[in-house]
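Good morning, and thank you for coming. I would like to walk through one model today, beginning with the terms and then moving through the structure itself.

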Amino acid sequence: WQVPLNARVFSSVVDACQEGGHWLAALALFRDLPRSHLAYDSRSYTKTMNVCASGRQWVAALSLLHEMPEQRVLPELVHFTVAIHACSRGGQWLLALAQLGGMRGQSVAPDEATYNAAISACDNGGQW
């Protein structure tokens, strides 16, 4: 018995991956979206980046953020915030601040959650 991959199934499976700490499985499923004739979109990036952040996989989260324009998906506030949070969880305070600075170049304004994530990154890195 096999369930065809669609947006709803993807969302549910990625949620389960996040709860179980299976960031690599979520990333693999994300990479399979085109084979299932599903386009990468803002929501699929958000969900996958969240799983990576939860798993302290800042490299994967940043890679996803930086590939978005190539996939014709514009990074939004939520994507930068999740990437900064991933850096924070991984102890990468300098990279977190770099993402905060990179938002300006993309005309994305940080909000309170973004600044809080950046402050947490500095705190976690002993820079506060």
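Let me begin with the word contact, or touching: it means heavy atoms within 4.5 Å. With that in place, Val9 touches Val3 and Pro4, leaving aside residues up to four places away in sequence. Val9 has its place in helix H1, where a helix is a DSSP run of H or I with at least four residues, a strand is a run of E with at least two, and both are numbered from the N terminus. At 21% relative accessibility, Val9 counts as partly exposed; buried means under 20% relative accessible area, exposed over 50%, and partly exposed in between, with a 1.4 Å probe and protein chains only.

A word on the source. This is a predicted model, in which local features need pLDDT of at least 70 and side-chain atom pairs count only at pLDDT 80 or more, while totals for chains, interfaces and linings use all residues. Residues are numbered from 1 along each chain as its sequence is written, and side-chain values use heavy atoms, with hydrogens and water left out.

Now the overall architecture. The protein chain has seven helices and zero strands, giving the pattern α-α-α-α-α-α-α along the sequence. Along the principal axes, its C-alpha atoms fill a box of roughly 55 × 30 × 20 Å. The radius of gyration, taken over C-alpha atoms, is compared with a globule rule of 2.2 Å times the number of residues to the power 0.38. For 128 residues a compact globule would have a value near 14 Å, and the protein chain, at 15 Å, agrees with this. Of the 128 residues, 38% are buried. Among contacts between residues at least 6 apart in sequence, 61% join residues at least 24 apart.

Which residues of the largest nonpolar core touch the most other members? A nonpolar core here is a set of buried Ala, Val, Leu, Ile, Met, Phe, Trp, Tyr and Cys residues joined through side-chain atoms within 4.5 Å. The core has 35 residues, and Phe10, Phe30, Tyr45, Leu64 and Ile84 touch the most other members. The elements giving two or more residues to this core are H1, H2, H3, H4, H5, H6 and helix H7 (112-124). H5 gives the most, with six residues.

Not counting residues up to four places away in sequence, Phe30 touches Phe10, Tyr40, Ser44, Tyr45, Thr48, Leu64 and Glu67.

I turn to the salt bridges. The criterion is a side-chain nitrogen of Lys or Arg within 4 Å of a carboxyl oxygen of Asp or Glu, and by this rule there are three.

Glu67 pairs with Arg31, with the closest N and O atoms 2.7 Å apart. Glu67 lies in helix H4 (residues 58-67) and Arg31 in helix H2 (residues 23-31), so this pair ties together parts that are 36 residues apart in sequence. Is Glu67 buried or exposed? Glu67 counts as buried because its relative accessibility is 13%, whereas Arg31, at 36%, is partly exposed.

Asp15 forms a salt bridge with Lys47, the closest N and O atoms lying 2.6 Å apart. This pair links distant parts of the chain, with Asp15 in helix H1 (residues 7-20) and Lys47 in helix H3 (residues 42-54), 32 residues apart. Asp15 is partly exposed at 33% relative accessibility, and Lys47 is buried at 16%.

Asp32 is bridged to Arg35, with 2.3 Å between the closest N and O atoms. Asp32 is partly exposed, at 27%, and Arg35 is exposed, at 66%.

Helix H3 also holds Ser42. Ser42 touches Val73, Glu76 and His79, again not counting residues up to four places away in sequence. From C-alpha to C-alpha, Ser42 and His79 are 8.3 Å apart in space, and 37 residues separate them in sequence.

Finally, the surface. The protein chain exposes about 7,300 Å², of which carbon and sulfur atoms supply 53%; accessible areas come from the Shrake-Rupley method with a 1.4 Å probe, and for residues only the protein chains shown count as cover.
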